[in-house]
Amino acid sequence: MNLCGRFDEHLRQIERRLHVEINNRGSVFQILGERDAVHIAHNLINKLYAQTENGEELTPAKVHLVLQESYQKLEKNKQKQHGEEPNAEQSNLSSSELAIKTRKGIIKPHSKNQRLYLKNVLTHDINFGIGPAGTGKTYLAVACAVAALEAEKVKRVILVRPAVEAGERLGFLPGDLSQKIDPYLRPLYDALYEMLGFERVSKLIERNIIELAPLAYMRGRTLNDAFIILDEAQNTTTEQMKMFLTRLGFGSTAVITGDITQIDLPGGVKSGLKQAIAVLPNIPGMSFTFFESIDVVRHPIVQKIVEAYEKFHNEQSKGEK
């Protein structure tokens with residue numbers, strides 16, 4: 001029952017994603033479809049069953065995450081059949097065990113780009129994670145920050161976000177600085193609470209070990225022995241992006257995340273993230289990871305939405321040409 005889900009929803013989820021048909025009677029399963037898809041579905045069901053033996057309760061979300069890896073294998077097999085060779089670096093990454101250990105558990109990447117992203121963050125000083133919503137850019141960056149803090153590799157974590165909706169002028173909002181920027185940093189808070197717990201996060205913020213700051217307040221600072229995350233970087237101006245990147249001090253790591261399809265800047269203002277992609281790709285010690293719709297780890301419909309928008313924008317671009 002745990003493996004199949006309520007009304008066999010887990011089996012139907014696998015069928016839709018891998019384009020196979022699964023019939024079962026008791027503990028006997030029959031899988032129908034193309035050979036590669038059947039083989040992958042077989043391995044997937046065995047893997048999920050092993051998880052239920054450990055007492056883990058499966059949910060559609062957990063099945064989706066395991067499905068992501070299986071779907072990647074299916075796509076890779078199709079590429080080989082068409083004479084396309086997968087990227088060698090990414091192929092090696094798929095077999096490596098990259099995991100972030102926190103007090104609340106182990107966080108693992110679920111796609112080739114997430115693995116590449118984690119590897120880059122662990123080996124570079126400045127890292128860009130660029131792609132659609134729901135691909136784990138911010139969540140994995142926070143996981144790396146928490147792991148670095150707990151391992152005492154850094155002395156503090158600094159979370160930064162441009163407050164575009166308020167024009168970076170937050171004085172008219174009630175409360176202290178933390179309360180003024182709280183709505184903009186909520187996704188970062190949520191990830192921290194999940195990995196460290198509410199009480200510990202609150203204590204670390206009180207002791208200024210975790211610092212929350214709008215981008216405008218970063219000017220003039222040099223950040224040593226810190227893990228700095230700039231979220232929603234597509235909403236930085238070109239001047240702000242240059243200012244942020246030049247804050248990095250010794251012993252620090254910076255992660256910049258954003259989605260260039262969701263820029264909220266006023267008309268005519270250029271995105272600092274888009275300019276950085278064009279200006280900085282070949283600098284040693286700096287990495288760029290580009291996520292795709294296949295990397296979305298939220299509800300499966302989010303992936304379909306991202307793909308639909310990508311298709312629409314591509315068709316629109318062709319029409320303009």
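**Entry 1: the cover over helix 9**

I started with helix 9 and looked for what lies over its buried residues; the cover includes strand 5 (126-130), strand 6, strand 8 (226-230), strand 9 and helix 10. I note here that the model is a predicted one. Which residues of helix 9 are buried? I found T238, Q240, M241, M243, F244 and L245.

**Entry 2: the chain as a whole**

I then stepped back to the whole chain. I counted 11 helices and 10 strands. The chain has 321 residues, and buried ones make up 46% of them. I also looked up the contacts with a separation of 6 or more: 70% of these are between residues 24 or more positions apart.

I went to strand 9 next, as it is part of the cover over helix 9. T257 lies in this strand. Is T257 buried or exposed? Its relative accessibility is 1%, and buried means under 20%, so T257 counts as buried. Setting aside neighbours within four places in sequence, I listed the contacts of T257 as Y117, G129, K137, T138, L230, D231, E232, A233 and Q234.

S271 sits in the loop that runs from strand 9 (253-258) to helix 10 (272-279). I looked up its accessibility, which is 6%, so S271 is buried although it is in a loop. Not counting residues up to four places away in sequence, S271 touches A233, Q234, T236, T238, I263 and L265. A233 and Q234 are also on my list for T257. T238 is one of the buried residues of helix 9.

**Entry 3: the cavity**

How many cavities of 30 Å³ or more does the structure hold? The count is 1. The largest cavity has about 50 Å³ of space. I wrote down its lining as I126, L223, I228, F244, L245, R247, L248 and A254. By class I have 7 nonpolar residues, no polar ones and 1 charged.

**Entry 4: helix 5 against helix 6**

I looked at one helix pair. Two packed helices are described by the angle between their axes and the distance between the axes. For helix 5 (residues 112-123) and helix 6 (residues 137-150), I have axes that come within 11 Å and cross at roughly 35 degrees. The crossing is right-handed. Which residues meet there? From helix 5 I noted Q114, Y117, L118 and V121, and from helix 6 K137, L140, A141 and C144. The residues of this contact divide into 6 nonpolar, 1 polar and 1 charged. Y117 and K137 are also among the contacts of T257.

**Entry 5: positive phi**

I checked backbone angles. Most residues other than glycine have a negative phi, and most peptide bonds are trans. Against that background I noted H19, with a positive phi near 60 degrees. H19 is in the loop between helix 1 (9-18) and strand 1 (21-25). Its relative accessible area is 63%, so I put H19 down as exposed.

E152 is another residue other than glycine with a positive phi, near 60 degrees. I placed E152 in the loop between helix 6 and strand 6 (156-161). Its relative accessibility is 71%, so E152 counts as exposed.

L212 is in strand 7 (residues 210-214). With 11% relative accessibility, L212 is buried. How far apart are L212 and L159 in space? The C-alpha atoms are 5.0 Å apart, and the two residues are 53 apart in sequence.

G55 is in the loop between helix 2 (35-53) and helix 3 (60-81). I have G55 as exposed, at 63% relative accessibility. G55 and N2 are 53 residues apart in sequence, and their C-alpha atoms are 9.5 Å apart.

Technical notes:
Residues are numbered from 1 along each chain as its sequence is written. This is a predicted model: local features need pLDDT of at least 70, side-chain atom pairs count only at pLDDT 80 or more; totals for chains, interfaces and linings use all residues. Side-chain values use heavy atoms; hydrogens and water are left out. Axes are lines fitted to C-alpha atoms, for helices over the stretch in contact, and angles run from 0 to 180 degrees between N-to-C directions. Helices (H or I, at least four residues) and strands (E, at least two) are DSSP runs, numbered from the N terminus. A crossing is left-handed if the near helix is turned anticlockwise from the far one by less than a right angle, and right-handed if clockwise. Contact means heavy atoms within 4.5 Å. Ala, Val, Leu, Ile, Met, Phe, Trp, Tyr, Cys and Pro count as nonpolar, Asp, Glu, Lys and Arg as charged, and the others, Gly among them, as polar. Buried means under 20% relative accessible area, exposed over 50%, partly exposed in between (1.4 Å probe, protein chains only). On a 1 Å grid over the protein atoms alone, a cavity is a set of points where a 1.4 Å probe fits but cannot get out, and a pocket is an open set with protein on both sides within 12 Å along at least five of seven lines; lining residues have an atom within 4 Å of a point. Grid points are joined across faces, edges and corners, and a volume is the space filled by probe spheres set on the points.
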